[in-house]
Amino acid sequence: MPRPKLLTAVRQACRLRHLSYRTEQAYVAWVRRFVLYHNTQHPSCLDERHVLAYLTHLAVDRDVAASTQNQAKGALLFLYRYVIHRPLGELGDAVKAKRPKRLPVVLTREEVHVVLTHLPDVHRIVAALLYGSGLRLREALQLRVKDLDFAQQTLHVRDGKGGKDRITVLPSSLHMPLQGQLERAKRLYQQDRSAQRPGVSLPNALARKYPSAPTSWSWYYLFPSKRLSVDPRSGLQKRHHINDSGPQKAMQRAVRRAGLAKRASCHTFRHSFATHLLENGYDIRTVQSLLGHKDVRTTMIYTHVLNQGTAVRSPLDSLTTHPSANNRWPVAKS
């Protein structure tokens, strides 16, 4: 059989190893940029020196973030190991992009409440799950009907970041809104069954293992899109979940209407979930488990947010509250 073209071979290698479609898109894009940077030379003609030169170019000339450079490095390591079949050697001499240490933005409980009131119905439920269960946006949108357990008040997150599953809390205050969302999803499901559509996409090869699963109610998306879309891998027209751009744009509008000066996004709800749990006295290991962090050091950043400036009394407050100051701001003498 003729050898597939380079980018086609990268896609095949990603699907063979069950990488997510987002990862596949990112790897293909980085391989294309790498080839164009080296004047469309095939990667089999290039070696570690060329990879080092490209990674250094990203850091020095393009001034990319450290996470962006690491993603490019991962894509090229994958390319040479699984497509070129010639694993790369050491890449320690590349100029590394700077990784700034930033604390996450966290909303107060009052700010969370105000922002939620400015969100439309479906987007409000999505945002409430981000804050109430500590989900990432994509984890919330990929929820299936069977992932909700109202009796146990738990939520099953499947194939989260790093391909990991976890159990998190399902807020009791969301039971009624979620029941209403299930009714709306059920109407779309019945329309799909009446039209005999292929159903929804399943992870990995589950559709072959369970042929009836794509058309079953339990595997239907909790937040299905009103429009059908073409599955990029199978080419079939299926029902997908709502696009992540919808909740993101709705969040931006809600923050503006709420009059917040903070730069808040959908992910800010997840940061607020972790910080408020720590404020309520839950231990760091419990929060780590609910968030799905592999390393507790990732969760520890919320303790820095929690303690930042809260235990320190400013000397200015002591000055203005001194009896001789009469609790007034000092007035300059003319």
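# Helix packing in a predicted model

Visitor: Among contacts in the protein between residues at least 6 apart in sequence, what percentage join residues at least 24 apart?
Guide: A contact here means heavy atoms within 4.5 Å. Counting pairs at least 6 apart in sequence, the share that joins residues at least 24 apart is 61%.

Visitor: How many helices and strands does the secondary structure come to?
Guide: This is a predicted model, in which local features need pLDDT of at least 70 and side-chain atom pairs count only at pLDDT 80 or more, while totals for chains, interfaces and linings use all residues. Residues are numbered from 1 along each chain as its sequence is written, and side-chain values use heavy atoms, with hydrogens and water left out. Helices (H or I, at least four residues) and strands (E, at least two) are DSSP runs, numbered from the N terminus. On that basis the protein has 15 helices and 5 strands.

Visitor: What part of the 334 residues is buried?
Guide: Buried means under 20% relative accessible area, exposed over 50%, and partly exposed in between, with a 1.4 Å probe and protein chains only. Of the 334 residues, the buried part is 41%.

Visitor: Which residues of α1 are buried, and on how wide an arc around the axis do they lie?
Guide: Leu 6, Ala 9, Val 10, Ala 13 and Cys 14 of α1 are buried. They lie on the same side of α1, because the arc they cover, taken from the directions from the helix axis to the C-beta atoms, is only 140 degrees.

Visitor: Are α1 and α4 roughly parallel or roughly perpendicular?
Guide: Axes are lines fitted to C-alpha atoms, for helices over the stretch in contact, and angles run from 0 to 180 degrees between N-to-C directions. Angles under 35 degrees count as roughly parallel, over 145 as roughly antiparallel, 65 to 115 as roughly perpendicular and the rest as oblique. Helix α1 (residues 6-16) and helix α4 (residues 66-83) have axes 10 Å apart at an angle of about 90 degrees. The two helices are therefore roughly perpendicular.

Visitor: How many nonpolar residues does the contact of α1 with α4 have?
Guide: Leu 6, Ala 9, Val 10, Ala 13 and Cys 14 of α1 meet Phe 78, Leu 79, Tyr 82 and Val 83 of α4. Ala, Val, Leu, Ile, Met, Phe, Trp, Tyr, Cys and Pro count as nonpolar, Asp, Glu, Lys and Arg as charged, and the others, Gly among them, as polar. This contact has no polar and no charged residues, and its nonpolar residues number 9.

Visitor: How does α2 lie relative to α4, roughly parallel or roughly perpendicular?
Guide: The axes of α2 and α4 come within 9 Å and cross at roughly 85 degrees. That angle makes α2, relative to α4, roughly perpendicular.

Visitor: Which helix does α6 pass in a right-handed crossing?
Guide: Helix α6 (residues 121-133) and helix α11 (residues 266-279) have axes that come within 7 Å and cross at roughly 30 degrees. The pair is therefore roughly parallel. A crossing is left-handed if the near helix is turned anticlockwise from the far one by less than a right angle, and right-handed if clockwise. The helix that α6 passes in a right-handed crossing is α11.

Visitor: Is Lys 238 buried or exposed?
Guide: Lys 238 is in strand β5 (residues 237-241). Its contacts, leaving out residues up to four places away in sequence, include Pro 198, Leu 228 and Asp 231. Because its relative accessibility is 13%, Lys 238 counts as buried.
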